[in-house]
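Hi,

Here is the structure I promised to send over.

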Amino acid sequence: MSFPRSLRLALIALLAAALIAPGAVGVASAASTESPPVGIALSRPSTSVGIGDSFSFTSTITNAGSLPVSGLVAHLNVLSFTHGVYVDPEDWSSNRTRYLDPIPPGHSTTVDWTVKAVNGGDFGIYVAALGTPAAGAVPIEPTVSPALVAHVTEQRNVNPQGVVPLALGVPAAVAAAMGALRLRMRRRS
Amino acid sequence: MEATAEQATPKAVPAPRARPAWAVVALQELRDLWLYGRGLPLALGFSALLSVVTYLAASNQSLNFLEVHEAVNLALQVGVAVGAIITLLTAADAISGERERGTLESLLLTPAPRRDLVVGKLLAALSVWLVLFVITIPYLWFLGRNVGAVADALGAGATVGTLVALSLASLGIIISALTSTNRLSLSISLFVLLALFAPTQFPTGAQSGWFGDFLLRVNPISAALHWMGKVVVDGHSWGHDADWLISPISAGVVLTAIAVLAAPRWMRLRGGSPG
């Protein structure tokens with residue numbers, strides 16, 4: 001039985017590709033046909049806090065694949081659902097990037113996040129995880145958690161950190177010293 | 001009853017040691033400034049300004065917008081800058097003010113050497129800085145108490161602030177001796193201040209080139225504030241960026257020398273350029 005020349009060449013090329021780059025083929029097929037092997041879930045779907053309040057939640061990152069996943073980086077992000085509200089995620093949390101230990105297949109790891117609500121309004125907070133290319137990790141494509149919806153009410157704190165007694169006290173003390181001196185001078189004269 | 005020799009000759013009472021003329025002048029100036037003058041109203045305005053700055057810093061800090069060390073540095077920079085400005089304006093009134101009020105003649109007729117008059121006035125102007133820095137202390141303590149930033153801020157502020165205040169007070173005395181009217185003296189002083197503080201307002205990009213860096217280093221005020229920021233915000237040791245203190249120290253030495261050595265010759269009933 002003889003194969004046509006073109007079919008033979010195609011078979012050889014396919015075999016060579018499978019031998020040379022099994023990882024690449026695997027990633028491509030996983031990305032295109034299989035569900036991502038990493039999943040992220042958050043400990044709460046929503047929260048309601050006042051401006052300036054801190055709140056915490058936990059993200060659970062699961063390796064649902066059949067191979068260990070290493071080199072994963074989890075990143076916290078914040079966005080506003082309201083047009084025109086500026087959000088600087090750095091103000092919400094100064095520790096937004098975590099480098100995860102390898103996760104064996106079927107296992108998961110948890111990451112705790114603490115966030116301070118610095119703007120009023122409705123915000124979406126989510127965690128994305130992606131692998132570092134150097135680690136040959138799966139997935140290079142980011143995996144994103146569902147959003148935690150934060151409703152932040154604007155409450156005015158007129159005494160942040162208890163500063164008011166100081167802010168009023170020092171000028172009052174200087175004014176009192178000034179008044180006492182002026183009174184003394186007037187009595188003398 | 002015979003009088004003994006001891007009774008006959010009264011005990012020699014040592015004559016009270018006379019105060020040096022500069023101390024007499026300084027005391028009189030201090031009295032004028034703090035008991036009757038504008039010292040305390042200025043201190044009241046200064047404390048109100050620092051209260052506003054501290055309130056803003058505290059509210060921003062509680063919302064994560066401002067890091068604690070940056071909040072301390074902000075209050076310290078405002079304290080040093082405004083304290084130095086008020087010191088300069090007080091010194092700028094020292095001689096031209098006397099000239100305008102018609103009291104310079106009687107001052108010049110006293111037996112006090114003119115250099116002592118200048119030194120006394122310089123010390124009185126520096127007392128403004130001292131009082132304003134004392135007022136700054138509770139604000140710095142409040143903002144930096146939880147992170148141990150208070151000692152560094154106080155040390156750096158006292159060092160740099162005193163250098164800047166000494167330079168500006170000397171400059172004020174020099175301008176005041178040279179100018180014919182108080183208005184002119186204050187105008188020139190304000191203009192010099194604006195020129196000195198302008199580089200601190202440059203955008204970050206303009207400060208990054210060699211020329212921007214040179215300008216910041218040459219200007220004693222921007223160099224002093226930069227050094228202070230490095231110590232308070234970045235936690236550098238005092239010696240780490242000591243080269244930034246070259247211009248504040250040089251300005252302090254040179255301007256004080258000119259004020260003490262040359263300005264007395266320019267103290268005349270009529271102001272104007274030295275002839």
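What share of the 189 residues in chain A is buried? Buried residues make up 32% of them, where buried means under 20% relative accessible area, exposed means over 50%, and partly exposed is anything in between (1.4 Å probe, protein chains only).

Some housekeeping before the rest. This is a predicted model, so local features need pLDDT of at least 70 and side-chain atom pairs count only at pLDDT 80 or more, while totals for chains, interfaces and linings use all residues. Residues are numbered from 1 along each chain as its sequence is written, chains are lettered from A and ligands numbered from 1 in the order in which they are written, and side-chain values use heavy atoms, with hydrogens and water left out.

On confidence: pLDDT is the predictor's confidence in each residue, from 0 to 100. Chain B has a mean pLDDT of 84, with 89% of its residues at 70 or more. Over residues 1–6 of chain B, pLDDT stays under 50. Where pLDDT is low, the predicted coordinates should not be read in detail. The model scores ipTM 0.79 and pTM 0.69.

Chain A has four helices and nine strands (DSSP runs numbered from the N terminus: helices are H or I with at least four residues, strands are E with at least two). In chain A, Arg96(A) forms a salt bridge with Glu90(A), with the closest N and O atoms 3.6 Å apart; a salt bridge here is a side-chain nitrogen of Lys or Arg within 4 Å of a carboxyl oxygen of Asp or Glu. Arg96(A) is at 15% relative accessibility, so it counts as buried, whereas Glu90(A), at 42%, is partly exposed.

Now for where the chains meet. The contact (heavy atoms within 4.5 Å) takes 25 residues from chain B and 26 from chain A. The area buried between them is about 2,100 Å², and carbon and sulfur atoms give 69% of that; buried area is the accessible area (1.4 Å probe) that two parts lose on being put together, summed over both. There are zero salt bridges between chain B and chain A. The elements giving two or more residues to the chain B side are α2 (21–36), α3 (39–62) and α7 (114–144). Of these, α3(B) gives the most, with 13 residues.

Glu98(B) is one of the buried ones, at 11% relative accessibility. Its salt bridge partner Lys121(B) has its closest N atom 2.7 Å from the O. That pair links distant parts of the chain, 23 residues apart, with Lys121(B) in α7(B) and Glu98(B) in α5(B). Lys121(B) is buried too, at 2%. Glu29(B) joins Glu98(B) and Lys121(B) in a network of salt bridges.

In the loop between α4 (68–92) and α5 of chain B you'll find Asp93(B), which is buried at 10%. Asp93(B) and Arg101(B) meet in a salt bridge of 3.7 Å, N to O, and Arg101(B) is exposed at 51%. Just after α5(B), Gly102(B) takes a positive phi of about 80 degrees.

Cheers
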